[in-house]
Structures are given as C-alpha cells and as structure tokens.
Amino acid sequence: MTLFDTTMFDRPRQASETAPPQSAKKARKEAARARARRGGLDERLLGPRPRHRKQHRTLFLSDIHLGTPGCKAELLLDFLRHNDADTIYLVGDIIDGWRIKRSWYWNAAHNAVVQELLRKSRKGATIIYVPGNHDEALRDYTGLNFGGVDVVGEAIHETADGRQFLVIHGDQFDSVVKYAKWLAHLGDRAYGMALALNNWLHEIRRFFGLSYWSLSAYLKNRVKNAVEYISSYEHAVARSARERGVDGVICGHIHHAEIRDFDGVLYCNDGDWVESCTALSEDETGALSLITWQTFSWDTELANGETEPADEDDALLVPTAA
Ligand SMILES: [Mn+2]
C-alpha cells in the first residue's frame, strides 16, 4: 500500500553494480532486493545502511507482532538499520502466533525485519529471544538456538554498572491471559479491529505529511480502566521483581513504554512496534533509556536539515573576506 511510485526514489546505479563480473552472492542479493522492491518495500530501506549507526550495549524490543497488519515493520526496519547493539533481547510477541492460525499477514517489510535481525546475529550480535503469549509455541523450545538466536524462558541481564534485571515478556502478570484464554482471544479480535482503524488513520496522516500518531495508544492513555490496568500491572511486575531480589525488571506485553522506579526496583517496559514504536536501550555506562522511532529517518533528517546536500550555488551567496 504505497501512495507513490517508489521508482522515483531509485538511487543512481553505481559502476560496481553494472560491472559484468558479478559474483553469485551479489546476484542473489540483487534478486532478493528486486523481490522486496516488487513486494512494495520502500526503496530507501533497500540501499546501503547508514555509515553512522548508533551503537548500544543492549537493545530490548518486544511486541513487534510480525504476521499482523498492525506491525510497523518498515519503521522498525528503519530503526534497525540505524541502531546496532552487542546484545539484542527480543522480549516476546515478536511473531504473532495466534493470528498465524487465523489469518496470516506477511509482506516484504516483515521479511526484511527478520533478515535484518539475523544479519546482526551473523555480524556478531548476541540475540536472545524470550517468547511471549503471542509466540508461546516457542516456549516449547527454550534452551535451543535457531540461526544464532537463543530461545530462553526468561533471562537475567546484568547492566554495565552491575545491576541485575529480570527479562520477561510479562503476560505472566496478566490474569486475563493466564486464567481465561478464550476471553483474551476475544479481546484480541476487538483489538485487531481498533488497530485496522489505526492503520487507516496512519495512511491518511502520512498522505498529508503528518507523523505517525496512534489512535489506540491515545485511547489507552485516556481510558480510565486502561490506566488502572497499566498501573496495577506495573505494580505486580515490580513486586515480583523485588521478591526475586533483582534490581529491576524489563518487560513488554502491555504496549506501554515506561521506566519507573517502584521503591528501589526499576520497572522498564520497552513498549511495542504496533502503536508506540519504542525500544529500550542500555548504553556503555549501563544507563537505560527509551527510544521512540515514529518517523522515518529520511523525514527526520530532512526536518533537521542534516542530509540536505550543500548546494554549491550557496557558496556564491556567502560574502568572502578577500
Ligand atoms: Mn504479549
């Protein structure tokens, strides 16, 4: 669903691409790129990665929900191309298994996100996958390694400054999911409808050049029950972390990014890639912070004037001392 003909963004062909002795690997790469292009993937997500990528000690991502139309796969792909980490935790609900059974949504961007994560693993990043309730089928495979990705039930992450964090998806604290699955499925379907409406709004806003804005996140923030739910969820998670004797907890599940201190226990929620497009980062000193990536890099860079190429004619307008 692109509003523009993406060929208008084609970058100029480089000499190396047109040179006749093309290796088989290169040909395969170009074929994959052509497939992604036909699949509607934005040309700007296919070219070389930016030279200056932000380096994190650790990145935490959850609730990506690949396999559903609500997943903001292109924004996530843009984020992944601009951010690297020594360790990446996938904190559950990465591939949406519930919906796989009902209906399956997969496009070039979803595929590219998986490829990008596997690429980071090949380049040396440690990837740890803690399954959630939407990809709970993976919970049968904890302790195994798939293509460089370690699947674990939960993890203890030690930050650079020596603090211990429990890493879990967090549905363990959601009594609705735990005790009445059919009810959760029902809620899931209504939620899917809200997200479809949300996507439709997103396309309209994008057409008018407005940034991503989430209807469901907006509603969730304003509905009293949802606020109460989030608050009691956060308290339950923090309480459990205290009982485990850790310094903090890193989770996802409720699609509400937050870093909050509960009497000395740090509750960190890395958010999601369906509504808020957020990730949790740990830097070299062990400091934790939230990153929001709701705008494509090319829009942000244009807004900041960072990649505007210097116009040579401009020099003529600058008065010189000589
Ligand atoms: Mn979940």
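Here is a short chat about the predicted model shown above.

Student: Hi! How many helices and strands are there in the protein?
Tutor: Hi! This predicted model has 11 helices and 12 strands.

Student: And what share of the residues count as buried?
Tutor: Of the 322 residues, 32% count as buried.

Student: Which residues have the most contacts inside the largest nonpolar core?
Tutor: Those are L90, V91, V113, V249 and I250, in a core of 57 residues. As background, nonpolar side chains tend to be buried together in soluble globular proteins.

Student: Let's take V249. What is V249 in contact with, leaving aside its neighbours within four places in sequence?
Tutor: V249 is in contact with F165, L166 and I168, with V237, A238 and A241, and also with Y267 and C268.

Student: What about contacts in the protein between residues at least 6 apart in sequence: how many join residues at least 24 apart?
Tutor: Of those contacts, 71% do.

Student: New topic: helix α3. Why is α3 largely enclosed by the rest of the structure?
Tutor: Helix α3 covers residues 73–82, and seven of its 10 residues are buried, so the rest of the structure largely encloses it.

Student: Which ones are buried in α3?
Tutor: They are A73, E74, L76, L77, D78, F79 and L80.

Student: One more. Where is F146?
Tutor: F146 sits in strand β4, which spans residues 145–146.

Student: Why does F146 count as partly exposed?
Tutor: F146 has 13 other C-beta atoms within 10 Å, and it is partly exposed because that count falls between the cut-offs of 12 or fewer for exposed and 20 or more for buried.

Student: And what separates F146 from L118?
Tutor: Their C-alpha atoms are 9.9 Å apart, with the two residues 28 apart along the chain.

Definitions and conventions
Residues are numbered from 1 along each chain as its sequence is written. This is a predicted model: local features need pLDDT of at least 70, side-chain atom pairs count only at pLDDT 80 or more; totals for chains, interfaces and linings use all residues. A nonpolar core is a set of buried Ala, Val, Leu, Ile, Met, Phe, Trp, Tyr and Cys residues joined through C-beta atoms within 7 Å. Two residues are in contact if their C-beta atoms, placed from the backbone, lie within 7 Å. Helices (H or I, at least four residues) and strands (E, at least two) are DSSP runs, numbered from the N terminus.
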